[in-house]
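Work through the exercises below with the model open beside you. Try each task before reading its solution.

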Amino acid sequence: MAQTRASNRKVLVLAGDGIGPEIMRQALRVIEFFDRRHLTSFEITEGPVGGAALDESGVPLSDETLAQAAASDAVLFGAVGGAKWDTLPFELRPERGILRLRKELDLFANLRPAVVFDALADASCLKREIVAGLDLMIVRELTGGIYFGEPRGVETLPDGSRRGINTEVYTEAEIERVVRAAFDLARKRSRRVCEVDKANVMESGGLWREVAQRVRDADYPDVELSFMYADNCAMQLVRNPKQFDVIVTSNLFGDLLSDCAAMLTGSLGMLPSASLGAPDAGGRRKALYEPVHGSAPDIAGKDIANPLACILSFSMMLRYSFDMAEEADLVEDAVRRALASGVRTSDIVQPNTARVSTRVMGDTVLRELEKAA
Ligand code: IPM
Ligand code: MG
C-alpha cells in the first residue's frame, strides 16, 4: 500500500442536486479516511453543477467549473436534475451540465460494472441463482451517437406541423477507440466482449460490427468477440446475465442496458461508473466518476439514499485514475463487509436486516475501513 503522502491528486467534487450532496458527504468521509490514515492524500475542490449551479450562476455548468474539471486528475460527480428545473429550455436543463462535462472532456468510454455482492443476491428482483456471483461490465460510448448527432431539433413543416429530429452518427475512429477500451478491459477479466447494436436495422450498427471485428482480428486475437442485437441483449440480461463478461455498445443502447443491468444487482443505488478519456503521452487520462443513479428528488434531503454507489465510484477512481488497486480493494471490501453486517438503506432492505440512514451506512463503511487498515 502506498505509504508516502503525495498531494498531487487533484479531485474536483461536484455534488449537484437532489440526493447528490447527501451521498457525496459519505464519499468525502471515505476520502478523508485515506488522508487521516496517511495512506494517501487528495487535494479536494468542490464546485457547483446542475440545478445548484443554475440557481447560482444561471448555467448548469460554468466555464470556470469546466476549466477546473479539465485541470483536475479526476472528477467525482453526484447527480443532477429536479422538478424545479424541468420546464427550462433544453440548453439550460441541469442534465446539460453532465452532458457538457462528458463532451468537453472527451470522456468517451463509460464503464458501468454490474456486480452482485453476495449479501445482496436476495435483494434483486430476479431469482438468486440468476444473479448470484454476477460480475459484468458495460462499456458505453459516451460522447457520440444520437445524444450529440446533428441534425437535431424540432422544426416546423410547411403545413405548420412539427418534426423532431435526432441523428445516430458514428465515425470509425469513434467506434474504434471505445471497442479498444472494451478489449483492454476484457484482457483483465474473462477475455470476452459482446458488441451490441441494431445492425439488422441501422447502418451505423453494421459499421460497429465491422470495426469491432477488424480491431479484434488485428490486435486482440486472444479476446473472444461476439455480437448481439440490443433488444435481444435486454432480454438476455434478465434471462441469463452471467453469459456476459464485457458488453460494448453505443451511447443510447448503453444508457438503456446499464439501467437494466443495474437492477440485477439489487438496486440502482449500488452502481458506480467511470467515464474515461484517451490516455495522454504520460499515460494519464481525464476521468469522471459518478453513481449511475440520478438525483432521486423524491427522497432528497431525507437521509435515506444509498451512498454506496458514490463510495464505489470513488473506489473506481482509485483503481482507474490513481492505479491504487489495493486501496480500491480496501474500499470495496469495506462495502462488502458493511452489507454482510446486515445494515441496509431502504432501497436494498430485506427481511432480517436493519434499515439505516445514509449517514449510518456511511458510518458502517468507515468502521469497516478502520478495522481493515
Ligand atoms: C445516465 C443518465 C444521463 C444519460 C442523463 C442524466 C443525461 O441517464 O448517466 O445514464 O442519459 O446519459
Ligand atoms: Mg441513464
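**Exercise 1.** Sort the lining of the largest pocket into nonpolar, polar and charged residues.

Solution. The lining divides into 14 nonpolar, 3 polar and 11 charged residues. Here Ala, Val, Leu, Ile, Met, Phe, Trp, Tyr, Cys and Pro count as nonpolar, Asp, Glu, Lys and Arg as charged, and the others, Gly among them, as polar.

This is a predicted model: local features need pLDDT of at least 70, side-chain atom pairs count only at pLDDT 80 or more, and totals for chains, interfaces and linings use all residues. Residues are numbered from 1 along each chain as its sequence is written, ligands are numbered from 1 in the order in which they are written, and side-chain values use heavy atoms, without hydrogens and water.

**Exercise 2.** State which element gives the most to this lining, and which domains contribute.

Solution. Start with the elements: α6 gives the most, with 5 residues. Then take the domains, whose bounds come from an automatic or database assignment. Domain 1 (1–108 + 277–373) and domain 2 (114–268) each supply at least three residues.

**Exercise 3.** List the residues around ligand 1 and find its side-chain polar contacts.

Solution. First, the shell (a heavy atom within 4 Å): E95, R102, R112, R140, Y147 and D255. By class, that shell has 1 nonpolar, no polar and 5 charged residues. Next, the polar contacts (N or O pairs within 3.5 Å). Y147 places a polar side-chain atom 2.5 Å from a ligand 1 oxygen. For R112, a side-chain N or O atom is 2.8 Å from an oxygen of ligand 1. For D255, the distance from a side-chain N or O atom to a ligand 1 oxygen is 2.8 Å.

Note on methods
A polar contact is a pair of N or O atoms within 3.5 Å; within protein, one must be able to donate a hydrogen and the other to accept it, and residues adjacent in sequence count only if both atoms are side-chain atoms. Helices (H or I, at least four residues) and strands (E, at least two) are DSSP runs, numbered from the N terminus.
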